[in-house]
Amino acid sequence: MPDGTRSAIATPCRTRPRGCHRTEADAMKVSLAPSFRPVKAEGTQIAGAPLLEEGGPRVVLGWSPGDVATPLSPAAASLFGPRGVCLHPDGTLWVADTGHHRLLGWRKIPQSDNEPADILIGQPSFCREGRNAKGPPGPATLNVPTGLCAWRGGLAVADAWNHRVLIWREVPTGNGQPADLVLGQEDSESVLANRGADRPTSASLHWPYGVAEVAGRLVVCDSGNRRLLVWSDPSETGQPADLVLGQHDFSTRDENAGGEVTAMSMRWPHGACWWNGHLALADSGNNRVMLWRGFPEHNGSPCDAILGQRDTAHCDHNMSSYYPSAASVNMPYATVEAGGQLIVADTANSRLLGWADSATGIAANQLCGQPDFASKGDNRWGMPERDSLCWPYGLSALGDLVAVADSGNNRVLLWNLAR
């Protein structure tokens, strides 16, 4: 997807051997020669309990069987690399149609495949696309929108390459409705990373990817600054954040806080949620999910537990193995709570994992998108199918319904939890 985000902050993990520079783009270009047959570790080929209904999603948006070569022209029913989705409590559905630089809204959750969107923000018409609508930025334009969430009855959107978060105090009801306030910039026309400065502040952002309402607070994954920012009550444009995690203070942005990977540091934080009394964060670049018991109250607070790694000192994808397992992840981008489970988009393994327990290193107990915990591969190394996944980037849940931004397949899946 030509949005520039895959190489924007791609630097090697500090525990990786010198000279090994693995980026998202590298991961997506990997293909196996017929003679290459890595051996799966003994005992890892476990099917796992189904996470979502085995019959597949009840609704698919933006895709029909055989659509592999379909042009990705913008339309009310088409999607291009969607990275965010929100099942709003008011019954609406919102999708960050990232590659088309727009926000799509459905006034009711679709009940059939490929229902066209009702509301458009970011472009002058459904058949148009382009960064900031190929014009100057403003309160109703977008440049690589990614995460989005319900926020106090309204809507918050991470407008990643405008380096800001847009907030609507109430859910938009019409096309082109401007946001009510902006975080990360001093006004709705400014779009420079960290407001043009070399160092961040409590009021600046650099490539914010994810947003979430967690325990009554607005949490923003400020990915390019390798930190999580928290606003207790954002009410005006340009307002500074109240808390920072992943860095010791608001003025630093070093990868893993300038040192080795630890329980407090981050590398590409992307998606957060509240799960069973924990703040859960997908720390994509460190190939793990960080868990804090209760909501942290102090800058730089270390997490209490880790999923996806054996401990807080390691960060290699799939725990340094070619194949995954029930306990490992590869660039997880999203988290959401549903049915008491923590669901994680294990993005580079093209699967979803479900955890019921929060102990460090514990294995997931539920799986979706692959035949067993030791398998990976875009669409299970085949053609897209209704129940396959290709780089899932975004998650949302409402009751027993889970929405998946299946970005690599240019679609959104509405899928019920397994019974």
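Analyst: Let us begin with a single residue and its surroundings, bearing in mind that this is a predicted model. Leaving aside residues up to four places away in sequence, Thr 252 touches Arg 199, Pro 200, Asn 225 and Gln 247.

User: Does Thr 252 count as buried or exposed?

Analyst: The cut-off for a buried residue is a relative accessible area under 20%. Thr 252 has a relative accessibility of 19%, and therefore counts as buried.

User: Which side chains make polar contacts with the side chain of Thr 252?

Analyst: One is the side chain of Asp 249, in a polar contact of 3.0 Å. The side chain of Gln 247 is joined to that of Thr 252 by another, of 3.4 Å.

User: How should I read a sheet, and what is the order of the strands in the one that contains β15?

Analyst: As a general idea, the strands of a sheet pair through backbone hydrogen bonds, and the pairing is either parallel or antiparallel. Here, four strands form an open sheet in the order β15-β16-β17-β18, and their pairing is antiparallel. At its edges are β15 (269-275) and β18 (305-307), each of which pairs on one side only. On average, and ignoring direction, neighbouring strands of this sheet are turned by 25° against each other.

User: How many bridges join β17 and β18?

Analyst: Strand β17 (residues 288-293) pairs with β18 over three bridges, in the antiparallel sense. Within this pairing, Met 290 has Ile 306 of β18 as its bridge partner.

User: What is the strand order in the open sheet that contains β23?

Analyst: That sheet has four strands in the order β2-β25-β24-β23, with antiparallel pairing. Because β2 (59-61) and β23 (392-398) stand at the edges with a single partner strand each, one side of each has no neighbour in the sheet. From one strand to the next, the twist averages 20°. β23 pairs with β24 (residues 401-406) over six antiparallel bridges, and Ser 396 has Ala 403 in β24 as its bridge partner.

User: Finally, what is the volume of the largest pocket, and which residues are closest to its centre?

Analyst: The largest pocket has a volume of about 540 Å³. It is lined by 32 residues, of which Cys 149, Ala 212, Ala 272, Val 336 and Leu 395 are the closest to its centre. The elements that give two or more residues to this lining are β3 (84-87), β7 (145-151), β11 (208-214), β15, β19 (332-338) and β23.

Methods. Residues numbered from 1 in each chain as written. Predicted model: local features only at pLDDT ≥ 70, side-chain atom pairs only at ≥ 80, totals over all residues. Heavy atoms only, no water. Pairing = 2+ DSSP bridges. Axes fitted to C-alpha atoms, helices over the stretch in contact; angles between N-to-C directions. Buried < 20%, exposed > 50% of the residue type's maximum accessible area, 1.4 Å probe, protein only. Polar contact = N/O pair within 3.5 Å; in protein donor to acceptor, adjacent residues only side chain to side chain. Contact = heavy atoms within 4.5 Å. 1 Å grid on protein atoms, 1.4 Å probe; cavity = no way out; pocket = protein on both sides within 12 Å on 5 of 7 lines; lining within 4 Å. Points joined across faces, edges and corners; volume = space filled by probe spheres on them.
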